[in-house]
Amino acid sequence: MSATKPVLISGAGLASLLLAQSLRLANIPFRIFERDASFVFRAQGYRLRLSTEGLDAIESVLDKETFQRFWDACGKTGGAGLTTYNAVTGEITSQPAQPGRLTSRNGMTIGIARGDMRRIFASNCEDHIEWNKHVTGYEVNDDGVRAVFADGSKSVEGSLLVAGDGIYSKIAKQLSNGKLKVYDTGARGIHGQAPSTAFRELGEGVFMIRDQSRPDGSVSVITNVRSGDMHNPDIELGWTLVGQPGVVKPPNDDYTIIGSHAADIVKELTKSWHPRFKPLFDQMNVKETAFWKITCSTPSGVTEWPNQPRVTLIGDAVHSMTPAGGIGANTAVRDSALLGKLLREAGGFAPGVTEAYEKEMRVYASAAVHQSYSSATGSFGIKIDEESSNTV
Ligand SMILES: Cc1cc2nc3c(=O)[nH]c(=O)nc-3n(C[C@H](O)[C@H](O)[C@H](O)COP(=O)(O)OP(=O)(O)OC[C@H]3O[C@@H](n4cnc5c(N)ncnc54)[C@H](O)[C@@H]3O)c2cc1C
C-alpha cells in the first residue's frame, strides 16, 4: 500500500531536515539517507543570513517550541545595513543611510551558524537517519521508488524520493537527464572564525572589507558583528573571504581541505591590510578555516524537465547559488516548507504533488539564482557561459 511507504530523503542537510520536520509533525513516515558517517559540525560555523521569506518558511514548519529555540539561537544585528571598507586604507567607502535588503524581521539582520541550524532542524529526526548511505541514483516503478547506493544496494521501497543532497546530486542529474547544471564559477572562498573580541574595531553591523589593489583580482571579506556577543572572548564570530577567479588557490584545487592550508592563504592575501582588520586573521581559529567552491546553477533559471511524480529535488540540489545576496539557504527552506505543506495537505504522496511543487518552486528559485548570479558578476567578477563554462 503506497500510503504506508515512507518518503525517502537523500541528504541530511538543511533543506532535507526541515522537510523531515514537516513530515514528522504530520505523521507521514520518512527515511533520510546521509553520505557522511555522522553530523559533521567542523568548519560549519559560518553564519547564514535569514531573510523574511526564509524565516517565515521555517516558522511555518516548526512547532512553536522548536521555532522559539531556533529564534533564540539566531543572532540579531542592528545597524543600517552593509558598510563597505577599503581593506588597505581602512576607510569606509560606502555606508547605507537606510536599512538595506539584508535586514529582515524587526528591522534587524538575522543570522545563525549553519551547524546550529542543522542541529535544531534535526531535533527528533535523528532516529530516521541512516548514515554512510551515498545515494547515486534511483529506480522507480508504478508503485514506488528506491534509492540506489554507491555499494550497489538499494533502499526500502518508498512512496516518493526527495533529493536534498546538494550541488553534486546524482538524483538531479538522473531526473533531469543532465539538464540541471551546476557551474564552477572559478571563484573560491575561505570561511574562518575568530574570538568576538577580534571584531571590536569594526563595531556592530554587517561589513564588507574590499581589497581592489591586487593585479590578479579583488578579494572581499564579509562579516556580521552582533552587539551582544562583541565582548565575550568565548564566542567566536565568522567571516567569509571571497576571491575573484584565480585569486584563492587551494592546493590541487582541493577545496575540501580544512585548517592551516586555508589559514596560510588568508594570511598571505590579507598581509597588506589595514591594522584595524588584522585581528580577524591573526586570531583566527585555524582548525575551523575551510575552503569553499563558489558554484551557481544555470543563471537563466531552473530548467524544465518532464515531471516524475515520485522523484523531486529541494535546495542546492536544484538551485545552487553564489554567496552574493545570501539567499541559498533561504530558498532551500522555502522548498522544504512548500513541498511539506503540499504533502501534508495530500496526507502523504499523491499524484500531482511534485508537479505542483516544481511549478511554484521554479518561479521563486529561478528569480533567486538570477539575482544571486547578477550580483556576483559585479562583486566577484564571475561570468558563466551556459554553453561552454565548466560544470561541477
Ligand atoms: C560560506 C557560506 C556562506 C553562506 N551564506 C549563506 C547566507 O548567508 N544565506 C543563505 O541563504 N545561504 C548561504 N549559503 C548557502 C547555504 O549554505 C546553502 O544554500 C544551503 O546549505 C543548502 O542547503 P541544502 O540542504 O540544499 O544542501 P546542504 O546543506 O549542502 O546539504 C546537503 C546534504 O546532503 C549530503 N549529501 C551530499 N551528497 C550526498 C549523496 N550522494 N548521498 C547522500 N547524502 C549526500 C551532504 O553530506 C549534506 O549533508 C552559504 C554557503 C556557504 C558555503
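The shell around the ligand draws at least three residues from each of domain 1 (1–39 + 122–181 + 298–392) and domain 2 (43–113 + 184–296). These domain bounds come from an automatic or database domain assignment. The model is predicted: local features need pLDDT of at least 70, side-chain atom pairs count only at pLDDT 80 or more, and totals for chains, interfaces and linings use all residues. Residues are numbered from 1 along each chain as its sequence is written.

The ligand has 36 residues around it, and Gly11, Gly13, Gly315, Gly326 and Gly328 come nearest. A residue counts as near a molecule or strand if its C-beta atom, placed from the backbone, lies within 6 Å of it. The elements that give two or more residues to this shell are helix H1 (14–25), strand E3 (47–50), strand E12 (182–195) and helix H8 (328–346). Helices (H or I, at least four residues) and strands (E, at least two) are DSSP runs, numbered from the N terminus. H8 gives the largest share, 4 residues. By class, the shell holds 14 nonpolar, 14 polar and 8 charged residues. Here Ala, Val, Leu, Ile, Met, Phe, Trp, Tyr, Cys and Pro count as nonpolar, Asp, Glu, Lys and Arg as charged, and the others, Gly among them, as polar.

H8 also packs against other helices. Its axis and that of H1 are 8 Å apart, at an angle of about 25 degrees. Axes are lines fitted to C-alpha atoms, for helices over the stretch in contact, and angles run from 0 to 180 degrees between N-to-C directions. H1 and H8 are therefore roughly parallel, a label for angles under 35 degrees. H1 passes H8 in a right-handed crossing, the near helix being turned clockwise from the far one by less than a right angle. The axes of H8 and helix H9 (residues 353–379) come within 10 Å and cross at roughly 160 degrees. That makes H8 roughly antiparallel to H9, the label for angles over 145 degrees. This crossing of H8 past H9 is right-handed as well.

Two sheets are described next. An open sheet of 5 strands runs in the order E8-E2-E1-E11-E17, with parallel pairing. Strand E8 (129–130) and strand E17 (311–313) each have a single partner strand, so one side of each is left without a neighbour in the sheet. Two strands pair if DSSP finds at least two bridges between them. Strand E2 (residues 30–33) is joined to E8 by 2 bridges. Phenylalanine 33 has glutamate 130 in E8 as its bridge partner.

An open sheet of 7 strands has the order E6-E5-E13-E14-E15-E12-E16 and mixed pairing. Strand E6 (92–94) and strand E16 (290–297) are its edges, each pairing on one side only. Neighbouring strands are turned by 30 degrees against each other on average, direction ignored. Strand E5 (residues 82–86) pairs with strand E13 (residues 205–211) in the parallel sense over 5 bridges. The bridge partner of leucine 82 in E13 is valine 206.

Definitions and conventions:
Parallel < 35°, antiparallel > 145°, perpendicular 65-115°, else oblique.
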